[in-house]
Each structure stands twice: as structure tokens, then as C-alpha cells.
Amino acid sequence: MAMVPTSVSYITSSQLSAVARQPRLAIVDVRDEERIYDAHIAGSHHYPSETFAQRIPDLLQAVRGQKDTLVFHCALSKVLPIISPLSVPRVRGPSCARMFLDYLSETKEGAGIHKVMILERGFNGWEASGKPVCRCTDLPCKGHHA
């Protein structure tokens, strides 16, 4: 049986910037329509949160055997306190990362994924910290900076 990751961790913009070009790392942008008119992190995959649950198998197929670390983000990727176990706040980046992790756990299909991470402060934090962004309209992004 394949090993599957059991937890989600956070990565800062600086940490991600240092490793973003590693060939075994995939950045997963789960913003919805704002990616169309906003920039994005070069080379990122786009899986909108509104259809993410249905597209998890597609994401897994796209990264299978090629990527071992996935970094999820939305606009803010906020860490919000959990008031009670029944009222988990829905923040797109963290929610999709956990949904992906749950899918791996339920299907016992690791697909070579060793780490599932969330970009602290999301895309807005990435851009505000002066990190490079891409404004292409290619899907998937070919990784060119604007």
C-alpha cells in the first residue's frame, strides 16, 4: 500500500520562492474567477474551489508520478480559529488542501505525494511581498513571468 501524507503544513512566500522551480513541486491555485483577471504564480495549476471536489481525480492524474509536493493557495489562505468541530470555517486554499488529503486517505492512493502544503497569506501575500507573478492566460500556465 502506498504511503499517503497525513497532515497539511504551511509554507511562507519566501520558502516557496526558494523551491518553486523544483520539478517535483506543484502549486495549486484554487481561486475561482479572480484568476481570470488577476495574475497568478508562474507555473501553477488552476483547480477552482467551486468545482474542486469533482476535479480531485483530475488533479491527481495530472501530478501522478511527477510531483511529490503540492502547495495549495487561494487569495488569502487564512488560518482561522475553529470555534467548534462542527463549524469549520471554509477558506478555499486550506479547505481544498484538506479535501485533497482526505481523498488520498480514503482512496489509499498516494500517487507519490509526500507533502500537502498551504501557502501562508495566499496569492495576495505572495504578490504583496514582491514575488514574481504571471499574467498569461494559458491553462496550464507555462511558467512565464510578466
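This is a predicted model: local features need pLDDT of at least 70, side-chain atom pairs count only at pLDDT 80 or more; totals for chains, interfaces and linings use all residues.
Local features need pLDDT of at least 70, side-chain atom pairs count only at pLDDT 80 or more, and totals for chains, interfaces and linings use all residues. Residues are numbered from 1 along each chain, and side-chain values use heavy atoms, leaving out hydrogens and water.

Me: What is the mean pLDDT of the protein, and where is the pLDDT below 50?
Reply: The mean is 85, with 87% of residues at 70 or more. Residues 82-88 are the stretch below 50, and beyond near neighbours in sequence they have one contact in the model (heavy atoms within 4.5 Å).

Me: Why does V30 count as buried?
Reply: Buried means under 20% relative accessible area (exposed is over 50%, partly exposed in between; 1.4 Å probe, protein chains only). V30 has 0% relative accessibility, so V30 counts as buried.

Me: Which residues is V30 in contact with, beyond four places in sequence?
Reply: Among them are Y47, S49, F52, F72 and C96. V30 sits in the loop between strand 2 and helix 2.

Me: What makes a set of residues a nonpolar core?
Reply: Its members are buried Ala, Val, Leu, Ile, Met, Phe, Trp, Tyr and Cys residues joined through side-chain atoms within 4.5 Å. The largest such core has 23 residues, and those with the most contacts inside it include F52, L70 and F100.

Methods. pLDDT is the predictor's confidence in each residue, from 0 to 100. Helices (H or I, at least four residues) and strands (E, at least two) are DSSP runs, numbered from the N terminus.
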